[in-house]
Amino acid sequence: MSKIEKIKMENGLTLYLYEDKRRHAAFVNLVTQFGGIHHDFTLNGKKQHIPSGVAHFLEHYLLEHTMYGSLINKLKSMYLSANGVTSLNKTEYYFSGVTNIEKALEMLIKAVHNIHFIKEKIEETKKAIYEEIRMGEDNKGRRLFKMQNELLLKNIPYRNTIGTNEDLKKIDVSLATLCYEAFYRPENEYLFIAGNFDRDKILKIVKKSYQNIRPVKGTFKIKKYKEPKGIKKEKEIIHMPTAEDILTITYKLDVSKLKPKEKLKLDFYLSYFLKMNIGRTSELSKKLEQNKIIIGSVSYDHIFIENICIVSIKATIVKEKEFVKEITKQIAHPIFKEELFKLYQRDTTLEVAARCEYIYRMINPLIENIFTFSYEKRDTVKQIKSYSYEDFQNIMKSFSFDEYAICKIAKKVEKNEEAIDIYK
Amino acid sequence: MKNLYMKKDKNFNTILVRILFPFILKKEDILKKTILPSMLVYTNEKNPNEEDFRKELSKHGIFTITASIIEIGKQFFLSFTLIIPDKKTIKEDLLEDALCFFLDTIYHPNKVEGAFEERLFEKEKRRLKRDIENVFHNITSYNNYKIWNFLDPKEEYIVSSINHKDQLEQLTTKDVYNFYEKIVYKKKPFIFLYGDFIKKTAKRTIQNYLEKEKVVFPKDFHPIYQDMFTKEIEKEIKIEEKKPFNQSKLTYVYQIKEATREDEVLLNCINRMLSYDAIDLLMKKLRDELGIVYTTSSRIIGEGSLLFITANIYKENKKEAEKGIEEVIELLKDKTKVEVFLKEVKEEIKIERIQRNDSANALFNNYIEQIMKTGKGIEELYDKMLEVKIEDITTFVKRFQKILTCFIEGEENE
């Protein structure tokens, strides 16, 4: 297996190359550190605050209004698969294919770095995003995610990545230009290239293309948020079309004392911890099913945001009070089983070992490690095997899991009924 | 050994194994078919406890065992898939043990007095009930449900769990187990392996196991892959309904008049023109030009007999969306335009062919399709699409008949 090569360019860009000549295709991803969480920054010493959704808006604009017209359509006409995506802390512009890789890379770098904002085009870009927001309103997962952030986050202004209609209306030429000038600069970017490509040619193209981008203006600094302990609100219920109620219990964990490598370790430990205590084969899960407290299984997830980690536990519920009681009791007094830890550890090593099946699977974990944990290496089998059960116990026991918020999607209430908060 | 097919490929890191049991579905078995896969992948006879089963999976280095139902025309398959890392990746040779465990899970599921375990069955039954009810609360699934209820009310073409939900209360775990036995018990399936492994070891392991089980060849296998929607719809059906969603959904259904199986090739070309990367006419019209969608799509149902075009829109933009779709279809009658589109499609296919070699899964599926002769083999389709001429497309489009328009209007968004 080839190693991933890291190159720090003179202009500040960080380049990662992973050659795999067994493959026919190459995969290119240009990543800017500008995502849904970024609301505050300093440009030329002046503090700026922006509404939600700007990063996502810029992604759309940069793909649709380049010197080549729509960059996505242009790349697709070159028989490449292309797209963009904005998430919590980054925006990605990526393509893959077996042909035209070098030309497309040059175009991508030039296009993304030579944008002009025009009022009419800004309004045009917003149309598809309004539709995307509308679609999101019908999506239970997205509604729950937004709700959990509203209940938990006191200082961090992040709710979701695409913002609201009101946020979108605030975006004009001035705001778009400001954010573009601030965030789209080589020192704030990473370029990942994987698969079958000519290393020397690619390096030449990257160097040359970046020489032709617009000059970067001024100094720039992203604000880091510090989220205090405690939650903002204990519970929230929304009504939307659903067969059964869905409930999420969300915890906020303080991870500020952990170094990047420790946060990465916690990422694995949390998965093991949750699987052990509320996963499908756990005693609690069986109890919840047998007593008909839930329908189906409990699902769980976690996300790292600045100095905290949000853990969410979700299920389709029949008996709310019992569900909340059982889950919170289990998490507050968890079990630890060495045999299970070793089982999960083995599963993870198998997964990591076989990852190089697909080139994007080699690169995407590295991207996540960089942007989530500020850790510039991908997961390795050696690293996973180094984790110990004792360490796992110690770290998980250091979190108290005593404060949580409840988000609920309830069946739509008919006009002549009142919505009842069962916790009152 | 008949029914065992193996292909070596050293370019990947996993060994893929698929086992197919063919069967024909009767309407009264629809819910059993839906529940059955979930009863077979969490436990087996030797490991009736889910946690112990999970430990065994890990011990054998098994990433995953999955079960599903594959439908090709009127032919159904109960399909099992096993994925394990190969020896060069994990430095252990897992294949023999993993295969035995896999076959044990298939032929010796966890059963109690001739039925599947009650707890797991009740859990899956409740989940199915929830999923059926949720069809009415999700715009995409509700849209599909409405369309098929109008196109095929007697379920001559597609049988849906939703239309048989009244059977759910009476369904027992013994019913599902009996259904399983009809398909699997003592039957010899089609077995496929792909990856980097020793063929001799695999063959010996499988042969010994199946001999021990005393499986027999299935009765002559004559698959009924035909999947054409041939019902005549004389007058266009129009469905309009208001629902409490934020978005609205517009769907056009076109039927190909006097469709034959060969039409699948032309319809695939057109589908690519409508919504594949290189041309993507629908997105270019409805999103780039008109700005009225975030997403739109087209798909083929029934081997060249039906084309669905769908757009997620704001309710006020219905007329504009309809006009946009109709303009796109008109483009396909223009020879000058089709010449350009067809050239792009063919180039895209040539490149896709190369790129598919990077995906173990794509190569594996193609291998299975060639052997099972499902008629939907991607390589055969590619070859035929490369021979299509401009006049084939422009003449073909004239045979499109719009048989249904469905508009689910979201009431929530003002």
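**Close-up views of a two-chain predicted model**

**View 1. The contact between chain A and chain B.** In this predicted model, 42 residues of chain A are in contact with 46 residues of chain B. On the side of chain A that touches chain B, at least two residues each come from helix H2 (71-77), helix H4 (119-137), helix H10 (283-290), strand S12 (294-305) and helix H12 (338-353) of chain A. Of the elements of chain A, H4(A) gives the most to this side, with eight residues.

**View 2. The largest nonpolar core.** This core has 117 residues, and those with the most contacts inside it are Val28(A), Leu58(A), Ala104(A), Leu108(A), Ile193(A), Ala194(A) and Met273(B). Helix H3 (residues 101-112) of chain A gives the most to this core, namely eight residues. Leaving aside residues up to four places away in sequence, Ile193(A) touches Leu17(A), Ala26(A), Val28(A) and Ile202(A). A second, separate core holds 55 residues, including Phe102(B), Phe121(B), Leu128(B) and Val176(B).

**View 3. Helix H4 of chain B and what covers it.** Helix H4 (residues 95-107) of chain B has 13 residues and should span 18 Å at 1.5 Å a residue, which agrees with its end C-alpha atoms being 18 Å apart. Its buried residues are Leu95(B), Ala98(B), Leu99(B), Phe101(B), Phe102(B), Leu103(B), Thr105(B) and Ile106(B). The elements of chain B that cover the buried residues of H4(B) include strands S2 (14-24), S3 (64-72) and S4 (75-85), together with helices H2 (50-59), H7 (173-184) and H8 (199-213).

How values were computed. Residues numbered from 1 in each chain as written. Chains lettered and ligands numbered in written order. Predicted model: local features only at pLDDT ≥ 70, side-chain atom pairs only at ≥ 80, totals over all residues. Core = buried A, V, L, I, M, F, W, Y, C linked by C-beta atoms within 7 Å. Buried ≥ 20, exposed ≤ 12 C-beta atoms within 10 Å, placed from the backbone. Helix = DSSP H or I, 4+ residues; strand = E, 2+ residues; numbered from the N terminus. Contact = placed C-beta atoms within 7 Å. Expected span 1.5 Å × (residues − 1).
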